[in-house]
Amino acid sequence: IDCLDLIESLPASFQTEVGENGCNLSLGQRQIVCFARAMLADPRILILDEATSSIDILTEVRIQHALKRFSLRRLKGVFISTGSYPIEWAVRMQEFWGAPLYDVYGTTQIGTMFGATCEQGVVRGGKRGCVHFIDQWALLEVINPQTGAPVAYGEEGDVVVTTFNRIATPLIRFRHGDRVRLLPPGYCPCG
């Protein structure tokens with residue numbers, strides 16, 4: 001992955017004891033090892049959690065160049081499920097992976113996802129894409145945080161969720177805490 005110098009800089013180069021769960025490596029070094037193992041394994045499915053969070057920008061660029069030579073570049077899309085992120089980060093991740101970035105929207109409190117970006121992806125024309133709510137899994141409302149009243153199209157508000165797929169522990173009007181803008185039907189080019 002074009003990081004031979006980083007491995008050779010370890011105390012015993014390739015023979016360095018990494019310790020249980022990589023405890024003798026920095027977080028960035030662990031992530032580099034994970035990338036190398038993924039490239040060698042040539043997986044059909046690759047799931048990464050904050051894959052570049054502990055890697056400096058220079059190393060990230062080096063790994064990106066290395067990815068162009070490996071089969072991971074055949075990726076059709078990368079799915080993320082994360083908290084809020086700046087659009088610049090999303091653009092950088094799309095460039096890093098060489099594939100569109102898609103967001104899966106949900107919550108651990110509910111134990112399910114209830115929205116996702118469409119084929120337009122997370123980034124659309126340099127701006128944030130749309131998340132489409134999956135209304136057969138939950139009733140989603142966007143309310144004014146001060147009054148609790150529903151907002152009009154184009155206004156921002158808080159997400160409130162009532163689940164349909166939780167039998168033993170349903171959530172009724174769970175205030176999610178995320179701030180969103182309610183968009184009118186037909187706003188997204190996908191329909």
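This note goes through the predicted model point by point, from its overall make-up to single residues.

1. **How to read the model.** The model is predicted, and local features need pLDDT of at least 70, side-chain atom pairs count only at pLDDT 80 or more, while totals for chains, interfaces and linings use all residues. Residues are numbered from 1 along each chain as its sequence is written, and side-chain values use heavy atoms, with hydrogens and water left out.

2. **Overall make-up.** The chain holds 4 helices and 9 strands, where helices (H or I, at least four residues) and strands (E, at least two) are DSSP runs numbered from the N terminus. Read from the N terminus, the order of the elements is α-α-α-β-α-β-β-β-β-β-β-β-β.

3. **Surface and contacts.** The chain has 191 residues, of which 35% count as buried; buried means under 20% relative accessible area, exposed means over 50%, and partly exposed lies in between, with a 1.4 Å probe and protein chains only. Among contacts in the chain with a separation of 6 or more, 49% are between residues 24 or more positions apart, a contact being heavy atoms within 4.5 Å.

4. **The nonpolar cores.** A nonpolar core is a set of buried Ala, Val, Leu, Ile, Met, Phe, Trp, Tyr and Cys residues joined through side-chain atoms within 4.5 Å. The largest such core has 17 residues, and I63, A90 and L101 are those with the most contacts inside it. The elements giving two or more residues to this core are α2, β1 (78-80) and α4, and the largest share, 5 residues, comes from α4. A second, separate core has 6 residues, including A138, L140, V159 and V161.

5. **Helix α4.** Helix α4 covers residues 87-97, and its buried residues are I87, A90, M93, Q94, F96 and W97. The helix is followed by G98, whose phi is positive, near 70°.

6. **Residue T59.** T59 lies in helix α3, which spans residues 57-67, and T59 counts as buried at 5% relative accessibility. If residues up to four places away in sequence are not counted, T59 touches C3, L6 and I32. T59 and I32 are 27 residues apart in sequence, and their C-alpha atoms are 8.8 Å apart in space.

7. **Residue T16.** T16 is found in the loop between α1 (4-8) and α2 (27-41), and T16 is buried, with a relative accessible area of 15%. The side chain of T16 reaches the backbone nitrogen of A12 at 2.9 Å. Leaving aside neighbours within four places in sequence, T16 is in contact with L10 and P11.

8. **Salt bridges.** Side chains of opposite charge can pair when their charged atoms come close. A search of the whole structure finds 4 salt bridges, each defined as a side-chain nitrogen of Lys or Arg within 4 Å of a carboxyl oxygen of Asp or Glu. R173 pairs with E141, with the closest N and O atoms 3.0 Å apart. R173 lies in the loop between β8 (156-163) and β9 (174-181) and E141 in strand β7 (residues 138-143), so this pair ties together parts that are 32 residues apart in sequence. R173 is partly exposed at 45% relative accessibility, and E141 is partly exposed at 22%.

9. E156 forms a salt bridge with R181, the closest N and O atoms being 3.1 Å apart. Because E156 lies in strand β8 and R181 in strand β9, the pair ties together parts that are 25 residues apart in sequence. E156 is partly exposed at 42% relative accessible area, and R181 is partly exposed at 46%. D158 forms a salt bridge with R179, where the closest N and O atoms are 3.0 Å apart. This pair links distant parts of the chain, with D158 in strand β8 and R179 in strand β9, 21 residues apart. D158 counts as buried at 9% relative accessibility, and salt bridges that share partners join D158, R175 and R179 into one network.

10. **Cysteines.** How many disulfides does a search of the whole structure find? The search finds 0 disulfides, a disulfide being a pair of cysteine sulfur atoms within 2.5 Å. C130 is in no disulfide, and the nearest cysteine sulfur, that of C188, is 4.4 Å away. C130 is buried, with a relative accessible area of 8%.

Note on methods:
Polar contact = N/O pair within 3.5 Å; in protein donor to acceptor, adjacent residues only side chain to side chain.
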